[in-house]
Amino acid sequence: MASLTVRQLDEGLKKALRLRAARSGRSVEDEVRTILRAAVADGLGAASPTAAARVTVPVPTSRPDRVLLVIGGGIAAYKSLDLIRRLKERGLAVRCILTRAATHFVTPLSAGALVGERVFTDLFDPEHEFDVGHIRLARETDLVVVAPATADLLAKLAGGHADDLATAVLLATDAKILLAPAMNPRMWTHKATQRNLAQLLADGAALVGPNEGEMAETGERGVGRMAEPLEIADAVMRLLAERVAPVLANRRVLVTSGPTHEPIDPVRYIANRSSGKQGHAIAQAAARAGADVILVSGPVNLPDPPGVRTVHVETAQEMLRAVERALPVDVAIFAAAVADWRVENAGRQKMKKVPGLEAPTLALKENPDILATVARRTAQRPRLVIGFAAETENITANARAKLAQKGCDWIVANDVSPQTGVMGGDRNTISLVTADGVEAWPSQSKEEVAAKLIARIADSLATAA
Ligand code: CTP
């Protein structure tokens, strides 16, 4: 029999493996594992330690972070070749998809040479579907970068299209998506593009660029140039460092945040100084930890946190209704500074100042206590109900009393005296009060408090499970 070349052997083995995989319905990789396991069980490993060493599949203990780069069809695609180099320099494992339009600007060969493996281009490539498949491409990554993100790709992504490999992978991935848009300045400022971008950011995508500068078209200048490869690589490293383990995956979390406004008449209202920063940071941290988050927010000057469903309300009564509609949830965190009272007979028309007449007296009525209402439910009570205690004196004693009065599981107590700068500020010093005792946390940013609280919640749910 004529001897086989290494290439023929390689191709023959691949073909045989693909056939086996197709028959068994498993992946090629799983087939390889099965064959190796069977070889070890057959005594290959037991008979000789050297043979065993040869057939042992090393299980990497720590692997490099994986980035999937989707190159869209724009003149900026040439910069994405340099981006591949920058990402690899940072020790990242890079895979690459070229959209059909991208192949007019860069070739799969040049991108593949830089990546060090074949790049993926077509959804209906049977070889690739056997080999890796679009679902594995979507799953086996820690971050997806779309560079250049063209106006068309942004529109498809915002609309949930999946008619080619790039869009199918973008729709199937759970990984964070970083968009590096590049387009003509008029396309960038077009309402449709801005609408799509706002939707994508609300869905949790991150953005780098675009920058201002000369366009490919002579004489054109403006915002629309793709961010430079080094900027994109920095954004990639930042996002990878921010990654949080999905400790709240498959959990539903409800957060209330901000003040409520209680109308006196159509133009005046009673309010408080809450900024909503702490509640919004908690909602965001829960979403980062993989939870399905509903944020019921009073009027605040903050953007809706990405990846969170935000319901906007104004009054305490509206907040209660929105909270009850959000149930059932696993965890409810009541960070809102709900007004304790509302004006009993709020005027339907603007109250007029009549010269010579005395100032009006406002009759106040108690608002429903949203936290106590939810904590005392018998049906659909969340497993963990967490209240806040905004105090100006006797912080822990008052917080302990609130824990009992309201029937909640934990209280996050904070000193909101004006000198602390907590109300409206960026830092918070809290004590966590539970049935087990009081834990004083050091002064931290509201984001750090949020991340720590989410980690505690995840621990508590895992222990109770
Ligand atoms: N809370 C609520 N509904 C209300 C009042 C408060 O859900 N009508 C919640 C807050 O979101 C917070 C907790 O109850 O989680 C405590 O709020 P706080 O303002 O500190 O206490 P109050 O109950 O309003 O009591 P007091 O103002 O007397 O301290």
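The model here is predicted, so local features need a pLDDT of at least 70 and side-chain atom pairs count only at pLDDT 80 or more, while totals for chains, interfaces and linings use all residues. Numbering starts from 1 along each chain, following the sequence as written.

How far can you trust it? The pLDDT, which is the predictor's confidence in each residue on a scale from 0 to 100, averages 87 over the chain, and 85% of the residues score at least 70. Two residues are in contact here if their C-beta atoms, placed from the backbone, lie within 7 Å.

Now for the helix pairs. Helices are DSSP runs of H or I with at least four residues, strands are runs of E with at least two, and both are numbered from the N terminus. Axes are lines fitted to C-alpha atoms, for helices over the stretch in contact, and angles run from 0 to 180 degrees between N-to-C directions. Start with H4 (residues 77–89) and H5 (residues 108–115), whose axes sit 9 Å apart at an angle of about 15°. That's why H4 and H5 are roughly parallel to each other. Leu 81, Ile 84 and Arg 85 of H4 make the contact with Ser 110, Ala 111, Leu 114 and Val 115 of H5. Sorted by class, that contact has five nonpolar, one polar and one charged residues. For the classes, Ala, Val, Leu, Ile, Met, Phe, Trp, Tyr, Cys and Pro count as nonpolar, Asp, Glu, Lys and Arg as charged, and the others, Gly among them, as polar.

Next up are H8 (residues 151–159) and H11 (residues 191–202), with axes that come within 9 Å and cross at roughly 50°. H8 and H11 are therefore oblique to each other. On the H8 side you'll find Ala 151, Leu 154, Ala 155, Leu 157 and Ala 158, and they meet Ala 192, Thr 193, Asn 196, Leu 197, Gln 199 and Leu 200 in H11. The tally for this contact is eight nonpolar, three polar and no charged residues.

Among the contact residues are Lys 277, Ala 281 and Ile 282 of H13, and Lys 446, Glu 447 and Val 449 of H17. By class, the contact of H13 with H17 has nine nonpolar, two polar and three charged residues.

A few backbone details are worth a click. The peptide bond from Ala 147 to Pro 148 is cis, with omega near -5°, and Pro 148 belongs to strand S3 (residues 143–149). Another cis bond runs from Gly 209 to Pro 210, again with omega near -5°; Pro 210 is in the loop between strands S5 (206–207) and S6 (211–214). Asn 250 isn't a glycine, yet has a positive phi of about 65°. Look for Asn 250 in the loop between helix H12 (229–242) and strand S8 (252–257).

Finally, the ligand. A residue is near a molecule or strand if its C-beta atom, placed from the backbone, lies within 6 Å of it. There are 16 residues around the ligand, and Phe 334, Val 338, Ile 370, Leu 371 and Gly 387 come nearest. Helix H15 (370–375) and strand S16 (384–391) each supply at least two residues of the shell, and S16 gives the most, with four. The shell has ten nonpolar, three polar and three charged residues.

Note on methods. Angles under 35 degrees count as roughly parallel, over 145 as roughly antiparallel, 65 to 115 as roughly perpendicular and the rest as oblique.
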